[in-house]
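Colleague: I would like to learn how to read a protein model feature by feature. Please give me the general idea each time, and then the case at hand.

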Amino acid sequence: MEGSVPQQHLLGLKVMRLTKPMLSYAVPVLGEPWDMLGTTLEENLSQDIRSPRDLPACSTGETLRLPMSFGLIFLGETFNGFISVHNDSQDVAKDVAVKVELLTPSHRHLLLSEPPLPQLDPSACEERIISHEVKELGEHSLICTASYMVFATGEEMLLRKFFKFGVAKPLDVKTKFMNIEEDILLEVQIQNATPTHMFLDTVTFDPSAGFRAQDLNTIRTNNSEVSVFGKDNLLPPRNIRQHLYKLTPLGPLQTSGVVSNVQVGKMDIVWRSRFGERGRIQTGQLKATLPPLPQLKVTVVESPGTVSLERPFRITLRVHNGSGGPMRLRSVLEKHPGAGILWTGVTGKVHNELPAGGSMDMVVSLLPVLPGLQSFSPLLFVDVLSNQKKYHFNKLGQVFVEIQPPETLSSA
Amino acid sequence: MHDPIAELLAAHFPAESRKTLPSMESVAMDMAGLRRLVMWGARLALLVVMQQFREAEVEMEAFGELVNPDLFYQYHTHNYPDKTGSMVPFSMRLLHAQLPGLTGNHQLSLDRLCQLQHTCQQVLSEVRRGYLPFVTEPLTPEDQQVAETLWLERLTRVKFCLANTLVAMQDYLFAVEVYEGLLEELPRLRSQLLSVMGRLHLTLGDLPSAQTLFSLAEDRDENEEGEEERMVRTHINQGLVNVFLCHWQLAKDSFESALQLEPTNTTLKNNIAVCTFYQGYLKECIRELEGVVRWSPPSSLQPALLTNLTATYDLESSSAHSKKLSFLPLLGQHVGEGFPLSSLGLR
């Protein structure tokens, strides 16, 4: 990794990226004792330290190799570099000041700036380690400057070298939102955009101030919590992993209508790749769009799960006024042709006034007329106060209708 | 490959005094020339050891998929009246399977190795029934014992080659699975296998799995090796974990503890020097590596050491080239033709 400066300098500047070392690799060629080469091949292999001496047939050794090339660097990783200044000439260099800066697309970082060395003799070499956590994508330039004075002539010299490298994106993050009543379900898809495996150390979601987040990526057994991904925390190249979170707003977010671009929080991902190369990124704030609040909400709060055919039963409905003003509701029990469960009771009844934000409970009787899994018939509410506004509820719930065997009558 | 000595001799000695000795060019590269298939097998193995993968592959191609009729004893009844079966040595079959991977075609290597694995398993089940392929008489109990051991060993060797090919393809997880499968068959090599699996997990970035495997490797049970060997392996594994975590001094301490038990272990000396480098002590690292290389040639003239050393020379000064050249006399004196000169990094 060298720039080229066509000048007669006393000093030389070299930079090497300190990627993690690799394990040595051998090509085991072995024979059998009665082969022509006998045990020569084994003996030859046992001398080579690239092969693990206790497992000659295996190609992965225990000997460490220094990095041979720059490799790839990704956002969130740390650039570690080894910089050396050496005097290749016969003359002495005095007042050697070395400065290293990193020019990123938007910043200039100072990585090394020390007081000048009084002297650098011929064949001498000074080395330093520089480190920088990469926080930007795109082209980065390492600018290394050495200023010194030639002792013999008093001439001031400036040696400058540039090293360029690009920073790529390690992960692709996609989000999907789903609204369930007041809560929001967030699915975060993380894709490994690097060419090597990633070991996901931690993946956490930091909710913003208005939300509480529940991590839905563990399975709770009797006395322990196991990740849904099993023991395997490795993400192979190009693979995707989906994480699920449930977000609950901590206070009323909206009075009515749609609210867009609500900041719900951000992801914090820490990973390790080849031989411990560490990386960490945080996404920007993830934004969700909240749907409008329902003006009138009806839920079934009490209902049997199984009922018997042609035996009436009761359910309790809770009616909640989510609008801004009071409501006076008239309930209309509708009948669908071919319905399996019929309402019984009075229809068209006008209930007491329901204030804004208030709830009331209604007990309704029903009669199942068809067996099997049946849905309740539709229900209509008409708001007398607001110009006969209608609220239709089609899918209130279901019950299972059993056919009871005929009762054995006592002997008459 | 030309023979410079022969050329010199031919140039300086008059034609009459020359004797015709068989030289490389005069031997025909066919069955008549090399007479036995075992010689071919040896030649191909040596080509691979000398890193001449392309030549080996070209010469191996002449044998096809090793199933041609003329490779069987039955074809040469005039020479081998009583023998049946294939004349191809097993090592040659293994080489035939490994070769494509060495020139980049890993998938073909995998296919051939799986085929070979299947064949070994078939032979093994035949042997367990009491018979050898192509032979009508049943085996005696002693012969059956020998045959079973032999074919189990061959099956193991095929599996090791499979794992090596997978590592070359960077499919480390699958390679770990193959090693895991070998744990049962080779209880004596349990620690060694667990250590390799741990190293592969470190390469993937998976520290927890590596540490679990390394601690399993420390268990004593079926291993027949000495306490010292076990301690050395434990220290090396711990050293590699420290390298993973960038704890360079702790890594050095681990490797040095191992070195005290095995003072001539060149791998340990190399690893200590590498840690020194990562701590920022370039000159110290160079001194240590040079010391190791020049300490006891030829055994200390290792390509791995030279590769590391020349990388540090490149960093240390502009006169790296002459320093690298200074190793040539030493190499010329001690190493054979197979030494990868590329490890000197001369451009």
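**Reading strands, helices and loops**

Modeller: Start with one pair of residues: A:R328 stands opposite A:E353, which belongs to strand 28 of chain A. Keep in mind throughout that this is a predicted model.

Colleague: How many bridges join strand 26 to strand 28 of chain A, and do the two run parallel or antiparallel?

Modeller: The general idea comes before the case. Strands of a sheet pair through backbone hydrogen bonds, and the pairing is either parallel or antiparallel. Here strand 26, residues 327-333 of chain A, is joined to strand 28 of chain A by four bridges, and the two run antiparallel.

Colleague: In what order do the four strands of that open sheet in chain A lie?

Modeller: The order is 28-26-31-32 in chain A, with antiparallel pairing. Strand 28 (349-354) and strand 32 (389-393) of chain A are the edges, since each pairs on one side only. From one strand to the next, the twist averages 25°.

Colleague: Which strands pair with strand 6 of chain A?

Modeller: Take them one by one. Strand 6 covers residues 93-103 of chain A and pairs with strand 8 (residues 117-120) of chain A over three bridges, in the antiparallel sense. One position to look up is A:V96, whose bridge partner in strand 8 of chain A is A:L117. Strand 10 (residues 138-150) of chain A also runs antiparallel to strand 6 of chain A, and nine bridges join them. There A:E101 has A:I143 as its bridge partner. Strand 7 (residues 108-113) of chain A is another antiparallel partner of strand 6 of chain A, with five bridges. In that pair, A:V100 stands opposite A:L112.

Colleague: How many residues lie between strand 6 and strand 7 of chain A in their hairpin?

Modeller: Four residues lie between the two strands of that hairpin in chain A.

Colleague: Now chain B, please. How many helices and how many strands does chain B have?

Modeller: Chain B has 17 helices and zero strands. Of its 347 residues, 47% are buried.

Colleague: How should I read a single helix?

Modeller: An α-helix has 3.6 residues a turn, so residues three or four places apart point the same way. For a case, take helix 9 (residues 190-204) of chain B. Its 15 residues reach 21 Å from the first C-alpha to the last, close to the 21 Å expected at 1.5 Å a residue. After helix 9 of chain B comes B:G205, with a positive phi near 105°.

Colleague: Why is helix 9 of chain B said to be largely enclosed by the rest of the structure?

Modeller: A residue counts as buried under 20% relative accessible area. In helix 9 of chain B, 14 of the 15 residues are buried, so the rest of the structure largely encloses this helix.

Colleague: At what angle do the axes of helix 14 and helix 15 of chain B cross?

Modeller: Helix 14 (residues 282-295) and helix 15 (residues 303-316) of chain B cross at roughly 145°, and their axes come within 10 Å. The crossing is left-handed. Residues in the contact include B:L282, B:I286 and B:L289 of helix 14 of chain B, and B:L305, B:L309 and B:T312 of helix 15 of chain B. By kind, the contact residues of these two helices are eleven nonpolar, two polar and two charged.

Colleague: How are the strands of the open sheet 1-5-9 in chain A paired, parallel or antiparallel?

Modeller: The pairing in this sheet of three strands is antiparallel. Its edge strands are strand 1 (11-17) and strand 9 (125-133) of chain A. On average, neighbouring strands are turned by 20° against each other, direction ignored. Strand 5 (residues 78-87) of chain A pairs with strand 9 of chain A over nine bridges, and A:I83 stands opposite A:R128 of strand 9. Helix 15 of chain B packs on this sheet, touching strand 1, strand 5 and strand 9 of chain A, and its direction makes about 65° with that of strand 5 of chain A.

Colleague: What should I look for in phi values?

Modeller: Most residues other than glycine have a negative phi. A:F275 has a positive phi, near 50°. This residue is in the loop between strand 20 (259-272) and strand 21 (278-282) of chain A. With a relative accessible area of 1%, A:F275 is buried. A:R238 is not a glycine either, yet its phi is positive, about 70°. A:R238 sits in the loop between strand 18 (234-235) and strand 19 (240-249) of chain A.

Notes:
Residues numbered from 1 in each chain as written. Chains lettered and ligands numbered in written order. Predicted model: local features only at pLDDT ≥ 70, side-chain atom pairs only at ≥ 80, totals over all residues. Heavy atoms only, no water. Pairing = 2+ DSSP bridges. Axes fitted to C-alpha atoms, helices over the stretch in contact; angles between N-to-C directions. Left-handed = near helix turned anticlockwise from the far one by under 90°. Contact = heavy atoms within 4.5 Å. Nonpolar A, V, L, I, M, F, W, Y, C, P; charged D, E, K, R; others polar. Expected span 1.5 Å × (residues − 1). Buried < 20%, exposed > 50% of the residue type's maximum accessible area, 1.4 Å probe, protein only.
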